[in-house]
Structures are given as C-alpha cells and as structure tokens.
Amino acid sequence: MSTAQSVLIKKSIEKVINEQITQQQLKEQLLMFVDYQSKQGFSFGELLVLHYNQFNGVVTEEIYSVAAAVEMLILSSNMLDDFEDEDCMDKPWSTEVPLSLNATTALLFLSASVIRTTDFKNKDKAISILIEYALRSINGQHKDLLNSSRNETDYIEMTLEKSGSLVTLACLIGTVLATDDYPKEIVTYSELIGLVGQITNDLKDITTWNEKNDLLNKKFTLPIIYLLNYPDDDLQFIRDYYNNKSSADEVIKNQELISRKLVETGAITYTEVIRKMHQNRALNEVKRLPVDQHYIDQLVKYIH
C-alpha cells in the first residue's frame, strides 16, 4: 500500500543481508530474490509498521528492521511453498535448487536474529509470536499439501492456519513492540485478511488456464468444491478426473464448458459471497479497535 514504507523495508533487508551474510554468492543470490520479491510489495512489513504506529510506538528506524525480519520469513515461506507445489518455473529461485533451498534456511535464521538484536523491550514476546504463528502456518501448509480439506469448513480452517497465521504474526509483532498487550480483535481480523486474500487468489486461479490452474492440479478450493458437489451430469468428467478415472486431456478440451458451468451453477457467485461474508466480519472487527480513524481507514485497504 505504501511505496515509501516498502522502500525503507527493502533497504533494511538489504542492510541485514550485506552485514550478516559473508559468502558472496549467497549474498548476491539473496539480494536478487529480495529484489524480485519487492516487485510484489512488502505488505506484511507494512502491516507490522502500521500496527506499531497505531498503538503509539516510539518513533525509531528499528521498526523497519523488524518489518524486514518478517518479510524475510515471508520470502522464505513463499519460496518453500513454490518448491513444494512445484510452481516456481518463472521464479528466480527455480534454477540451482540446492542453493536456493540453502538460501531459504539463511532467511529463516536471519529473521529471528534481527529481532533478537533490536532494543525493543518486548522483543522476546515478538520472537515467541513469530515462532508460534509460523508453526501454525506450517501446519496449515501441510494440510494443503495433503489436499485433505475437501469441504467448505475444512478449507476455511486450513486457509486460516496457512495464510491467516502469517498476517497475524505481522500484525501482532507490530502491536506488542508498541504496547504490552493486544486487543483480541487483531487476531480475528488479521486471520480473516489472510483468508480473504487467498479466496481472491483462488478465484483468479480457477479462471486462468495454464499449468497453475487449480482444477488441472486437482486442488480443492471453494469454487471447485462447489462444482464437484453440484448435481450435474455434464460435470461427471471432472469428478472422474479427481478420482483418477480420466486424464487431464478431458479437462483441457472442456475448458469452455467448465468456464461456463462455473458461472451457470453459481460456483463463482458462491465463492464471492463467502469472501464478502468474511470481508464484512474483518471490517466489523477492525472498526472495534480503540485507535484513530486514520488508522482504521488504512487497515481497511488490506481487506480485499
């Protein structure tokens, strides 16, 4: 959301890497990955700084070091997610995989190390939050890899763990570095921000016909769960594909039919309603925060 803050966060990440990584090739590799990631922005770090400011944290450049630490954790998580999903062909870490995997390890250790070396009174509490919610996200990622969340309830629970936990750790760390405790509303709306973002990605993926298409990859997302359970004989070939009774060719040659059925059956509308419902829940929680309206307005921009 804030270009100026993303620039400060990127500079902090580069400073950490330049100071703490001694192996030249690893340093150059990490800086290249960070530069690539910066094109997507640093929304997790921005949320951390926003929460620090809205709870009257003392003005200090160190908060950008902590935002950098969280973004390094997120970059490591994204890279591992790409390797696990075999979805990194267009990413700079797709080449020299062993070296890239070593880089993810470096990012993880740099993340905790940066927070530990700051002067924040509650830095230990921040590290505990980082570990707790990172592990919760890993649990969600494992469920996603198992492809075991095959109904709406299980899918939402898995996504709150996998995606919501990463947003939550950023928001909570920013808060506890400014104040000793945090309103419980932060946990609720930050998890929902992660969930809403993932549902938005799912809607985009289901309508994009390439190797990343969730249906071709037999993933269970909300529009696909809806379609698989819709009583329509024309859709039997999709159920057969998911049950390994037909090949991907059958799906590929029926792309037009699938695109039409996603609209006609209400699968897209259903998913949009679920997203809207959780957006509204997040908005209601954000509006209950005891902070200036200026900060509420900024937070609302992340619920999309």
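What is the relative accessible area of arginine 136?

Reply: The value for arginine 136 is 26%, which makes this residue partly exposed. Here, buried means under 20% relative accessible area, exposed means over 50%, and partly exposed lies in between (1.4 Å probe, protein chains only).

Two notes on how to read this. The model is predicted: local features need pLDDT of at least 70, side-chain atom pairs count only at pLDDT 80 or more, and totals for chains, interfaces and linings use all residues. Residues are numbered from 1 along each chain as its sequence is written, and side-chain values use heavy atoms, with hydrogens and water left out.

Now look at the partner of arginine 136. Its side chain meets that of glutamate 191 in a salt bridge, at 2.8 Å from N to O. A salt bridge is a side-chain nitrogen of Lys or Arg within 4 Å of a carboxyl oxygen of Asp or Glu. This pair links distant parts of the chain: arginine 136 is in helix 6, glutamate 191 is in helix 8, and they are 55 residues apart. Helices (H or I, at least four residues) and strands (E, at least two) are DSSP runs, numbered from the N terminus. Glutamate 191 is buried, with a relative accessible area of 14%.

Stay with helix 6, which spans residues 123-146. Aspartate 144 forms a salt bridge with lysine 162, with the closest N and O atoms 2.7 Å apart. Aspartate 144 lies in helix 6 and lysine 162 in helix 7 (residues 152-176), so the pair ties together parts that are 18 residues apart in sequence. Both aspartate 144 and lysine 162 are buried.

Helix 6 also holds isoleucine 131. That residue is partly exposed, at 46% relative accessible area. Ile131, Leu135 and Ile138 make a nonpolar surface patch of about 290 Å². Patches use residues with over 30% relative accessible area and no salt bridge; like charges are joined within 9 Å, and nonpolar side chains (Val, Leu, Ile, Met, Phe, Trp, Tyr) within 5 Å. The areas come from the Shrake-Rupley method with a 1.4 Å probe, and for residues only the protein chains shown count as cover.

The buried residues of helix 12 (residues 255-264) are Leu257, Ile258, Lys261 and Leu262. Down the helix axis they fall within an arc of 140 degrees, so they line one face of helix 12. The arc is that of the directions from the helix axis to the C-beta atoms. An α-helix has 3.6 residues a turn, so residues three or four places apart point the same way. The face turned away from the buried side carries the exposed residues Glu256 and Val263. What do the buried residues of helix 12 pack against? They pack against helix 8 (184-206), helix 9 (222-229), helix 10 (236-242), helix 11 (248-252) and helix 13 (267-287). Contact means heavy atoms within 4.5 Å.

Glutamate 264 pairs with arginine 260, with the closest N and O atoms 3.4 Å apart. The two residues are four apart, about one turn of the helix. Glutamate 264 is partly exposed at 48%, and arginine 260 is partly exposed at 42%. Elsewhere, salt bridges that share partners join Lys10, Glu14, Asp35 and Lys39 into one network. The structure holds 19 salt bridges.

Helix 13 includes glutamine 279, which is buried at 13% relative accessibility. Leaving out residues up to four places away in sequence, glutamine 279 touches Val196, Ile303 and His304. The loop between helix 10 and helix 11 holds asparagine 244. Asparagine 244 is exposed, at 61%. Its phi is positive, about 60 degrees, although it is not a glycine. Most residues other than glycine have a negative phi, and most peptide bonds are trans. After helix 12 comes glycine 266, with a positive phi near 95 degrees.
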